[in-house]
Amino acid sequence: MAIAVGHCHDLKPPAVRGRHYRPYSVTQLDRSLLERDNQERNALSPQRRCLSSPCFTTVAEPASDDAHDDKKMPRVEIVAGRHARGVHELIAEAAGAIASGTRLVPAQSGLGGALLLKDGRSGEHVAVIKPLDDATSSPSTNGGGGYESKAVLREVAAYLLDHDGFASVAPTALIKISRPEMETTVASIQRFVAHHYDAGELGPSRFSVTSVHRVGILDVRLLNIDRHAGNILVKNPPTSGCAVDGSTSAAPLELVPIDHGLCLPEKLDDPYFEWLHWPQSSRPFSGAELDYIASLDPFKDAEMLREELPSLTEPAIRILTVCTVFLQRAAAAGLCLADIGDMMTREFSSAEEGLSALEALCKKAVDSIDTQSPKRVSFGVLGGEEWVAFMEKFEQLLPPGVNVYAYVCGGDLTKERSLA
């Protein structure tokens, strides 16, 4: 069965028909942009589960003399992420697997309805597909399967922001799958990561310091509010000789972060960092890690997200900017990953949940331009000029080389961390 791999200049709601795409080879894909109505739910709903999706149930069909007819060919079209490394190869493999008649099966773990795509010939897993929930369906007719569009977009954003594969996020793109006489499905697709365990199945003592730091740096930039042990996969180095129980090798284990649907929230929130109390996070950053952090350009990254994922909201993009600047200044001041993660996490008392150190700092900056600002900081309420003024004030509050933790906490020595 033939399958077309093409580009997508426009993405309409899944129920809309009538637009045809000329098939292209993988090497001929044009620039892809996401152009769709921003019909978002009020909140992310990670508790949904979808056990099947008829849109993705692909079975080999009898050969036809008309196999290359556009109307009869299944097609996979890249909507966003076309320029990212490894995406073309992933889409080609996925298209081949779909053409071979492979069925997608629900993943055994996770809560969002992820589907696993196998290669029909080798039997190996190729990709994880997370279908976009149909925003055009009413609650009464929609069974609730699939992912919110915000979550799907953030999966792609995390990969686009993982420059040079620094944190080992697997190749991810936003795609559109069309089959004759079936509804079009939009989904994120991510290369399947072969792994031995997740971080919850092993103690952290054997995890590579570099891997912990790199996953943590990504989480800080994206303000990941859902970095639990189950979405950190553990890979054994090829030469480790690790036994099934993971007990025979002293080689450090490498980590691969997955499931980024709850990163880049639209307002400052309380993150969850599984690595926060791992001993590796208290180790100083290496020179290479500091160089990488210093090389980040949050404003360039923001423009890239606006171009590649135009439906990603501006407040979410501003979160990236603020957190990246905060990471850069804190790392330059000598703070370790544990210090930085602790400053981003809220403290709880018997009375109420307090602001994190980062939130307190942002509150000071917002108050300098708006004395009526609410307690919880949301960058979405700031106009263009106000946002510029906020960033200027925010950066003034974080000059390089100062003890940021003591500065933000007003000199409270009970909270101050040593920079030795």
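Predicted model: local features only at pLDDT ≥ 70, side-chain atom pairs only at ≥ 80, totals over all residues.

Student: Why is Val322 called buried?

Tutor: Buried means under 20% relative accessible area. Val322 has 0% relative accessibility, so Val322 counts as buried. Val322 sits in helix H6, residues 314-332, and touches Cys362, Phe379, Trp387, Phe390, Met391 and Phe394, leaving aside residues up to four places away in sequence.

Student: Which residues have the most contacts inside the largest nonpolar core?

Tutor: They are Phe379, Phe390 and Phe394, in a core of 53 residues. Helix H6 gives the most to this core, with eight residues. The partners of Phe379 include Leu268, Ile319 and Val322.

Student: What makes Arg221 and Asp301 a salt bridge?

Tutor: The rule asks for a side-chain nitrogen of Lys or Arg within 4 Å of a carboxyl oxygen of Asp or Glu. For Arg221 and Asp301 the N to O distance is 3.1 Å, so by that cut-off the pair qualifies. Arg221 lies in helix H3 and Asp301 in helix H5, so the pair ties together parts that are 80 residues apart in sequence.

Student: Are those two residues buried or exposed?

Tutor: Buried: the relative accessible area is 1% for Arg221 and 5% for Asp301, and the label needs a value under 20%.

Student: How do you know that Arg318 and Glu314 form a salt bridge?

Tutor: Their closest N and O atoms are 3.9 Å apart, and the limit is within 4 Å, so the pair counts. Both residues lie in helix H6, four residues apart, about one turn of the helix. Arg318 is buried at 9% relative accessible area, whereas Glu314 is partly exposed at 29%.

Student: And what makes Glu303 partly exposed?

Tutor: Partly exposed covers values between the buried limit, under 20%, and the exposed limit, over 50%. Glu303 has a relative accessible area of 47%, so Glu303 is partly exposed. Glu303 also forms a salt bridge with Arg306, with the closest N and O atoms 2.5 Å apart. Glu303, Arg306, Glu314 and Arg318 are linked in a network of salt bridges.

Student: Why are S8 and S10 called edge strands?

Tutor: The open sheet runs in the order S8-S9-S10, with antiparallel pairing. S8 and S10 each pair on one side only, and that makes them the edge strands.

Note on methods:
Residues numbered from 1 in each chain as written. Heavy atoms only, no water. Helix = DSSP H or I, 4+ residues; strand = E, 2+ residues; numbered from the N terminus. Buried < 20%, exposed > 50% of the residue type's maximum accessible area, 1.4 Å probe, protein only. Contact = heavy atoms within 4.5 Å. Pairing = 2+ DSSP bridges. Core = buried A, V, L, I, M, F, W, Y, C linked by side-chain atoms within 4.5 Å.
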